[in-house]
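Thanks, everyone. Let me put the model up, and then I'll walk you through it.

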Number of protein chains: 2
Amino acid sequence: MATIEEALAEIKRGTDEILVEEELVKKLKEDRPLRIKLGMDPTAPDIHLGHTVILNKLRTFQNLGHEVYLLIGDFTAQVGDPTGKNATRPPLSPEKIKENAKTYADQAFKILDPEKTHIVYNSEWLDKLGATGMIKLASHQTVARMMERDDFKKRYAAGQSIAIHEFIYPLLQAYDSVHLKADVELGGSDQKFNLLMGRELQKDMNMAPQCTLTMPLLVGLDGVKKMSKSAGNYIGIHDSPDDMFGKIMSISDDLMWNYFELLSARPLAEIDAFKEQVKGGANPRDLKILLAKEIITRYHSAEDADAAEASFINRFSKNALPDDIPEVTVNAVSEAGILITNLLKEAGLTATTSDARRMIQQKAVKCNSEPVTDEKMTVPRGSNEIWQVGKRRFARVLVK
Amino acid sequence: MATIEEALAEIKRGTDEILVEEELVKKLKEDRPLRIKLGMDPTAPDIHLGHTVILNKLRTFQNLGHEVYLLIGDFTAQVGDPTGKNATRPPLSPEKIKENAKTYADQAFKILDPEKTHIVYNSEWLDKLGATGMIKLASHQTVARMMERDDFKKRYAAGQSIAIHEFIYPLLQAYDSVHLKADVELGGSDQKFNLLMGRELQKDMNMAPQCTLTMPLLVGLDGVKKMSKSAGNYIGIHDSPDDMFGKIMSISDDLMWNYFELLSARPLAEIDAFKEQVKGGANPRDLKILLAKEIITRYHSAEDADAAEASFINRFSKNALPDDIPEVTVNAVSEAGILITNLLKEAGLTATTSDARRMIQQKAVKCNSEPVTDEKMTVPRGSNEIWQVGKRRFARVLVK
C-alpha cells in the first residue's frame, strides 16, 4: 500500500491543477474507495492519445484502490444540437449511443481496470428531472457566474450569440456529480469551469464537494492545436502499429518531450536523462523511436512495436529516394558481371574508379538504401538496383 | 357588425402599444375568430380594478366575435420559488391552484363572456416537454436578447444576481403562445418584453407571429405605485359597495381622470366634457361620485351604488364634524319646545335671533349635517342634535 504522500505524488504527476489539494488529502486519508468521475461524450467513440492522458490518471486512482465512474453523457447526445445550426451534431438514437459507449469502453479497458470501473449513463437520472426539475436545477446558478466562463465572456463581449441552453449544460454535468456523489472529477484543463460547477452544486445541495483534477490538453501532431479527431491531428489507439510509428516519428522534437511527459510510463528522472543525452549530441530521432515503441507495445504488443520499427525504417529509406532517378545501363565486363567501382564510374555516379573506392570507404555508397562496404564486390549481370552516392546522386543501374 | 376601422378603434382605446398594428389589421380582415391570450398567475386569485383594465379589453375582443384563452400559469406556480429565497412563494398544490383558478374565473366572468372564454392550464403542455424539451426550448433564445429586458439589464449592471431559470420563464410564456396558436396576447405595459418573446418564438417555429397589445398599468389609490394587492392600494372587485365608494372618493383629482379613461365605459367624448365642466368650476367630487357609482353598478348593482352613495354622504358628513363639539343645554320656552332662531342664539351659535334667521336664509345652518330651511321651525323638548352654523361653529344642543 502506498502512503498518502506516495499516492499524492502519483496523482499529481503531470496534472495541470488540483482544486483543492488539501481537501483531496483529507479524502485520501478517509481510507475508503473514492468515487472518481470522468464524463465522456458518446458522439465520437474512437479514443485517441489525447484521451489517454486522463485515462492513465484514472488508472492511477484505480491502482490506489479507488473506483472509477465512467459517465456516458447520453442525455445531451440525445438532444443533439437543439439550435439546428450544427448539421454535424444530429441527435443520436439510444441504439447508436449504446454502440458508441461500448466501443469507447472496449478501448478504455486497454487502460482501465474493468473491475474498478462503473459505466453509467446520465440520461437515467437527467430524464427523470422532467421539465420542473430542469427549472429547479437552473435556479442553482446565476447568469453572472456563468459569464465568468472564458468562452462565454469572450463571445458575449464580441457580440456572438450564446443560446440559453448553453448555460444549462454545465449544470447538467454538475448534477451528474451530485447524483454520483463524486469525490473527484477529472477533465482537461479546458474543463476546469465545468468541473467547478459540480463542486459548487454539491455544496449548494449540502454535499461534501468534489475535488477537481485537470490534466493539460495533449497537443496534436501538428504541434499547434489540441489533439482531436475533427482537427485530424490525432493518433487513435486503434491505429495500426505502422500508423502509430509513422505519426509519432512525424512530430517535432519539442512536442516529443511533451508526449514523453504525458504519455510515457517512464519515470520523469529517465526522461530528464534523455534530455541530457540530446543536449550531448544524441539524435532525438532515436528517442522518438523509443516513445513510439512504448506506445505501440501498450496498445498492441512488443512484437508489433519491433515490426513497426523495421517497417518504418524500410519505408523511410525508400521514401528518402527521389522520384526521378535516372535509369542507366552498363555493360558487364565478364561473365560474373562488373566491379562495383567500375559500375559507379560507368553509370556516371563517380568521376573515376578511385573516386568510387574512396566514397565506398567513406560509407557514402548505398544499394537500395543499404550501405555498401565491400569496395571489391562484383555486381552480377541482370542486376537492376538503385545506387546512391552521397546524398544527391542516384541511378537505377541495369547490368547487361 | 363593426367595420375593421370601428373594431380597430375600439381595440386601440386606452392601449399603451400594439405591435404590430398593420399585422393586427390583417388578422382582423381574415374574418375568423382570433385567438386572444391572457396569462394569469394563480397565486393571487382576487381580481382588483388593476386587472380589469385588461379584462375589459378582452371583453371588447369578445364583443367583436373573438375567442379568449385565459391561461392559468399553474406550471410555474407548482415550482414556486426554486431558489427557496422567497418564503412568500411556496409551491402551490394542484388542488390549491384549481381552487384559485376557479375563484379567478368566477370574478373574471363579471366582465368576460363565458361562451367565448377558454380556461386553459399550461402545466398540461409544459410538463410534457420533459427535461429534453426544456433544453430545446432554452436553445431558442440568446443570453444577449434576454439581457435586453429592462430589469435583467439593471440587475446585471448593479451586480445583483439573476438565477438562470429566470431566463427560462419568459420562454415558457412564449411557448404557451406557440401551443395556443395565439393571434394576440394582452398584458400590462410591464409585460411587453415577455409578450414579444412569444412573438419571436412563434416566428422561430415557423408560425404566424402573435400581435402584442399592452395596456397601461393602473395606478393604485396612493397615486404612486401600480395597483397591487401587496401594495395594499387596490380596489378588489369583491370589495363591498361601501368600500368601493369610499376608496374611489379617496383618490386625487388627477388620478380620477386616469381611472375614467381606463375603467369607465363612458365614451371619451363624455369624459372630455367632464373635464371642461371642472375647468368651468364644477366640483370634481361630483364626478368622482359618478365614477364610483358606475363601477359599483358593474360589480354589484345600481341599487347598491345608490345605497353606497347615501351611506358615504352620511358617513362623510359625520366625519366632517370636528371631534370637540361643545355640548350646550338650552331651556324650552313652551311645551312644544323652542324656536330655532332662539335655540341658535341661546346656544351661542349666532349673536342674535335675526342673525340666526339670516344664516338660515343663506342655507348656512345644518342639523346633523342636513341643511335647515325653515326659519320658523320649533325644536322639541328632549332634542339632542348637532347644529352647525357656517363652516366652523358647532354645538350639540340639548333642549330641556
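I'll start with one residue. Ser252(B) lies in the loop between α11 (241–249) and α12 (253–263) of chain B. Helices here are DSSP runs of H or I with at least four residues, strands are runs of E with at least two, and both are numbered from the N terminus. Ser252(B) has a relative accessible area of 37%, so it is partly exposed. On that scale, buried means under 20% relative accessible area, exposed means over 50%, and partly exposed is in between, with a 1.4 Å probe and protein chains only.

Ground rules next. This is a predicted model, where local features need pLDDT of at least 70, side-chain atom pairs count only at pLDDT 80 or more, and totals for chains, interfaces and linings use all residues. Residues are numbered from 1 along each chain as its sequence is written, chains are lettered from A and ligands numbered from 1 in the order in which they are written, and side-chain values use heavy atoms, with hydrogens and water left out.

Now the chains. How is chain B superposed on chain A? By a rotation of 177° with a shift of 0.4 Å along its axis, at an RMSD of 0.7 Å. That is the relation of a two-fold axis. The same surface serves both copies: 100% of the contact residues of chain B recur in chain A. Contact means heavy atoms within 4.5 Å. The superposition is by least squares on the C-alpha atoms of residues with pLDDT of at least 70 in both copies.

On to chain A. It has 17 helices and 13 strands. Its radius of gyration is 29 Å, well over the 21 Å that the globule rule gives for 400 residues, so chain A is more spread out than a compact globule. The radius is taken over C-alpha atoms, and the rule is 2.2 Å times the number of residues to the power 0.38. Along the principal axes, the C-alpha trace of chain A spans about 95 × 50 × 40 Å. Buried residues make up 48% of the 400 in chain A. Of the contacts in chain A with a separation of 6 or more, 69% come from residues 24 or more positions apart.

Back to chain B, and a buried site. Ala138(B) is found in helix α6 (residues 123–138). Its relative accessibility is 1%, so Ala138(B) counts as buried. Which residues does Ala138(B) contact, leaving aside its neighbours within four places in sequence? They are Ala163(A), Ile164(A), His165(A), Ile168(A) and Leu171(B). The C-alpha atoms of Ala138(B) and His165(B) are 9.8 Å apart, at 27 residues along the chain.

Last, the backbone. The peptide bond from Leu19(A) to Val20(A) is cis, with omega near 0°. Val20(A) sits in the loop between β1 (17–19) and α2 (21–29) of chain A. In chain B, the bond from Leu19(B) to Val20(B) is cis, also with omega near 0°.

Two residues for phi. Asp31(B) is not a glycine, yet its phi is positive, about 60°. Asp31(B) lies in the loop between α2 and β2 (35–40) of chain B, and at 67% relative accessibility it counts as exposed. Lys363(B), not a glycine either, has a positive phi of about 60°. Lys363(B) lies in the loop between α17 (353–361) and β9 (365–367) of chain B, and is exposed at a relative accessible area of 60%.
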